[in-house]
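Good morning, and thank you for the time. I would like to walk through one structure, and I ask you to keep the sequence and the coordinates in view as I speak.

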Amino acid sequence: MSLRQFEYALAVAEEGSVTAAAELLHVAQPSVSQQIRGLERDLGVTLFARTPTGLVPTAVGRSFLRDAEVAVRAARRAKATARAGADELEGELVVAAQMGLGTRQLPGALRALRRRFPRLEITVFEEANPVELERLARRGAVDLGLIGGPCGEGLYRGHHLGDEEFVVVLGPEHAQLAEDRVELRAVAREPWIRFDQGSALDGVLRDVLRDNELAPTTVARVSQTATAVRWASNGLGVTLVPASAVPPGFEHLTRPVLPAVSIPTVAAIRPDAGPAATALLEFLRQETWHSAGFPGDGSDPAHSWVTPPSTTSSVPVV
């Protein structure tokens, strides 16, 4: 078996056909077919089943592909490390961000990283569910993650970047926009736009409502922070999102809440992180990480510090 065979199998799984995988890999179709047949012969199993909609991994194939992805990513990281000395860093860096965190800061850090290492391939995705983030981390599929709270079990080392304050988003005619801060109890009877159950953002809101003994009506559930903000701005209800996740042009409809709600933003990387992840960490540290401004009298309102739900064991953040 070879890494090339692993890459071909992953491409077929992603594209659903040998033809599309060959186009993605910029190779001839017979080459892909030959590599897949050889891989299945070496393993003694069938990795893909033919269906009316294309090639679909079998149960055994899905298990194999999970480990194949880990092996391919590890090889790319090793290649990147070996070439880092001449500022010719190559390979792939995979970044996973908990939805709503680093929305304003991450693009600037990634832009700086690409300027420094123009040949580096960077893949970034947002993940709403902390359990899924943990699963990806255990598979070794993530080089750097942005999470709301400590990381665990020695897989990754956490670096505290700052604290993210949450803001409530109101409709343009809402009376509470006249206030510097909005008391949660003042909007408790409003319909709420919430996030998918099991997501970290909905976990924050659930804990805040519980801690303040509030039980508002849920009018909608959405999967993206931008959708929640836009729907709230149209008067469908109110929502609670990280301040940095508010799209430009909607800031005037947001207010910090009282008691204030914040979560720590942590960059999680492996203890043996390569030069790409280390460089991105330093660029992230250069970004501005702060809570939402309080335009009142300068007093420090009480905070409700919330750690989104996680199944990992907590370790101290460094």
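This is a predicted model: local features need pLDDT of at least 70, side-chain atom pairs count only at pLDDT 80 or more; totals for chains, interfaces and linings use all residues.

**Glu40 and its surroundings**

I begin with a side chain: that of Glu40 reaches the backbone nitrogen of Phe48 at 3.5 Å. This is a polar contact, meaning a pair of N or O atoms within 3.5 Å; within protein, one must be able to donate a hydrogen and the other to accept it, and residues adjacent in sequence count only if both atoms are side-chain atoms.

Residues are numbered from 1 along each chain as its sequence is written, and side-chain values use heavy atoms, with hydrogens and water left out.

Glu40 sits in helix H3, which covers residues 29-43. Helices (H or I, at least four residues) and strands (E, at least two) are DSSP runs, numbered from the N terminus. Leaving aside residues up to four places away in sequence, Glu40 touches Val45, Thr46, Leu47 and Phe48, where contact means heavy atoms within 4.5 Å.

Is Glu40 buried or exposed? Glu40 is buried, yet has no salt bridge; Arg37, the nearest side chain of opposite charge, is 7.5 Å away. Buried means under 20% relative accessible area, exposed over 50%, and partly exposed in between, with a 1.4 Å probe and protein chains only. For charge, Lys and Arg count as positive and Asp and Glu as negative, while His and the chain ends are not counted. A salt bridge is a side-chain nitrogen of Lys or Arg within 4 Å of a carboxyl oxygen of Asp or Glu.

**H3 against H1**

Helix H1, residues 3-15, packs with H3 at an angle of about 110°, their axes being 9 Å apart. Axes are lines fitted to C-alpha atoms, for helices over the stretch in contact, and angles run from 0 to 180 degrees between N-to-C directions. H1 and H3 are therefore roughly perpendicular to each other; that class spans 65 to 115 degrees, with angles under 35 counted as roughly parallel, over 145 as roughly antiparallel and the rest as oblique. On the H1 side, the residues that meet H3 include Phe6, Tyr8 and Val12; among their counterparts in H3 are Val32, Ile36 and Leu39.

**Salt bridges**

How many salt bridges does the structure hold? There are eight. One of them pairs Arg104 with Glu251, the closest N and O atoms being 3.9 Å apart. This pair links distant parts of the chain, 147 residues apart: Arg104 is in the loop between strand S3 (92-98) and helix H5 (105-116), and Glu251 is in the loop between strand S10 (239-242) and strand S11 (254-258). Arg104 counts as partly exposed because its relative accessibility is 46%, and Glu251, at 37%, is likewise partly exposed.

A salt bridge also forms between Glu165 and Arg181, with 3.0 Å between the closest N and O atoms. Glu165 belongs to strand S6 (residues 157-169), and Arg181 to the loop between S6 and strand S7 (182-183), 16 residues apart. Both Glu165 and Arg181 are buried.

**Gly102 in the S3–H5 loop**

Gly102 also lies in the loop between S3 and H5. At 2% relative accessibility, Gly102 counts as buried.

**Backbone exceptions**

Most residues other than glycine have a negative phi, and most peptide bonds are trans. Glu213, which is not a glycine, has a positive phi of about 55°. Glu213 lies in the loop between helix H7 (200-211) and strand S9 (218-222) and, at 70% relative accessibility, counts as exposed. A cis peptide bond, with omega of about 0°, joins Leu258 and Pro259. Pro259 is placed in the loop between S11 and strand S12 (260-269).

**The chain as a whole**

I close with the totals. The chain contains nine helices and 13 strands, and 50% of its 318 residues count as buried. Among contacts between residues at least 6 apart in sequence, 77% join residues at least 24 apart.
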